[in-house]
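Reader: I want to learn how to read side-chain packing in a model. Where do we start?

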Amino acid sequence: MQLRVYGPGCANCNRLERYVHEALRGLGQAAEVRKITDINHIADAGVMRTPALGIDDHLLFQGRVPAVAELTTILADVLDHSGSRDG
């Protein structure tokens with residue numbers, strides 16, 4: 001699983017990146033988290049509002065920073081679905 005935090009480096013973008021790491025720690029999961037700051041790459045991903053979060057090239061949300069608890073739920077759901085596809 002590869003997570004991408006999209007944003008030019010604003011305070012909310014940095015907060016989202018921090019919260020993603022906290023949520024992953026809470027789940028006991030490891031994942032590659034990349035921060036995408038290049039405006040052309042952000043646009044290419046279809047992001048219209050930052051910050052945004054994508055997982056494996058799919059946007060989960062944009063234009064907001066969910067709380068760590070909500071991110072934990074979102075990531076747990078994604079992990080559950082990806083595990084069911086593998087097995």
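Author: Start with charge over a ring: NZ of Lys or CZ of Arg lies within 6 Å of the ring centre and within 35 degrees of the ring normal. Here, the charged end of Arg 64 sits over the ring of Phe 61, 5.0 Å from its centre. This is a predicted model: local features need pLDDT of at least 70, side-chain atom pairs count only at pLDDT 80 or more, and totals for chains, interfaces and linings use all residues. Residues are numbered from 1 along each chain as its sequence is written, and side-chain values use heavy atoms, with hydrogens and water left out.

Reader: How do I read a nonpolar core, and which residues have the most contacts inside the largest one?

Author: In soluble globular proteins, nonpolar side chains tend to be buried together. A core is a set of buried (under 20% relative accessible area, 1.4 Å probe, protein chains only) Ala, Val, Leu, Ile, Met, Phe, Trp, Tyr and Cys residues joined through side-chain atoms within 4.5 Å. The largest has 14 residues, and Leu 3, Leu 16, Val 20, Leu 53 and Leu 71 have the most contacts inside it. A second, separate core of five residues includes Tyr 6, Ile 36, Ile 42 and Ala 52.

Reader: What does Val 20 touch?

Author: Contact means heavy atoms within 4.5 Å. Leaving out residues up to four places away in sequence, Val 20 touches Leu 3, Val 5, Val 33, Leu 53, Leu 71 and Leu 75.

Reader: Is Arg 4 buried or exposed?

Author: Arg 4 counts as buried, because its relative accessibility is 14%. Beyond its neighbours within four places in sequence, Arg 4 contacts Arg 34, Ile 36, Ala 52, Leu 53, Gly 54 and Asp 57.

Definitions and conventions. Buried means under 20% relative accessible area, exposed over 50%, partly exposed in between (1.4 Å probe, protein chains only).
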